[in-house]
Amino acid sequence: MGQITLEKVTKSFGDVNVIPPLDLQINEGEFVVFVGPSGCGKSTLLRLIAGLEDVTSGAIKIDGTDATNLPPAKRGLAMVFQSYALYPHMSVRKNIAFPLKMAKMDPAEQERRVNYAAKVLNLTDYIDRRPGQLSGGQRQRVAIGRAIVREPSAFLFDEPLSNLDASLRVNMRLEISELHNSLATTMIYVTHDQVEAMTMADKIVVLRAGNIEQVGSPLELYRNPRNTFVAGFIGSPN
Ligand code: ADP
Ligand code: MG
């Protein structure tokens, strides 16, 4: 579960081509980071995988099935939005349960999933609070909880920490890495922050103007950057 393949995927907005033909293989359980400067197409690529944008051409396969034309809800993936997308008038429990309630899931199963998410995210003590009564890090965990309860085959994060202050960002980075270790689910994480990429990724995808410049582990990219762009971005010496 959580194996995602992009085959010759392109995306244009009008006559502007943002993603030239691109191939990418994401393996089950991998923590993959898309990194690159602002405007290089990271969010577009993530939104194509999520089904929030349609590809212009090419195919997306999820766990061996052609998902190119599937709506987002049928792809079995969960996008984690920034914590400001929480409902301020609802408790943590209700915020986390929200997608399940919308899907009219059996209440006992809803409760089981919410309790599990609260446990892995250390939110059990805060379950009856409202977002306004939580710290920034706790709010971000609630936003992640909303994704966990859907039991997705992969989690998609688009710069989830960019509105948190620096010290909180470091903590959340560790927490998301730990979460990946305990869930063992595929995670695709978009960032323009090299440190996040180098510390969190199993596999880094370096993007420039919609092109994949290089794919590899943090160590491979650091030791063997293919060009000066990758070297500069990764911060390796050559
Ligand atoms: P990143 O997330 O790496 O900052 P984006 O994927 O948001 O980059 O954007 C890549 C390029 O596509 C940018 O030039 C942006 O202006 C353009 N773009 C993104 N979404 C749209 C859209 N809905 N309509 C037109 N252009 C878009
Ligand atoms: Mg973006």
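**Exercises on the packing of helix 2**

V92, N95, I96, F98 and P99 in helix 2 meet V142, G145 and R146 in helix 4, where residues are in contact if their C-beta atoms, placed from the backbone, lie within 7 Å. By class, the residues of this contact of helix 2 with helix 4 are five nonpolar, two polar and one charged (Ala, Val, Leu, Ile, Met, Phe, Trp, Tyr, Cys and Pro count as nonpolar, Asp, Glu, Lys and Arg as charged, and the others, Gly among them, as polar). The model is a predicted one, in which local features need pLDDT of at least 70, side-chain atom pairs count only at pLDDT 80 or more, and totals for chains, interfaces and linings use all residues. Residues are numbered from 1 along each chain as its sequence is written, and chains are lettered from A and ligands numbered from 1 in the order in which they are written.

**Exercise 1.** Describe how helix 2 packs on helix 4 (residues 136–148).

*Solution.* Step one: their axes are 7 Å apart, at an angle of about 35 degrees (axes are lines fitted to C-alpha atoms, for helices over the stretch in contact, and angles run from 0 to 180 degrees between N-to-C directions; helices are DSSP runs of H or I, at least four residues, and strands of E, at least two, numbered from the N terminus). Step two: the crossing of helix 2 past helix 4 is right-handed, the near helix being turned clockwise from the far one by less than a right angle.

**Exercise 2.** Classify the orientation of helix 2 relative to helix 3.

*Solution.* Step one: the axes of helix 2 (residues 92–102) and helix 3 (residues 107–120) come within 10 Å and cross at roughly 135 degrees. Step two: angles under 35 degrees count as roughly parallel, over 145 as roughly antiparallel, 65 to 115 as roughly perpendicular and the rest as oblique, and helix 2 and helix 3 are therefore oblique to each other.

Conventions:
Contact = placed C-beta atoms within 7 Å.
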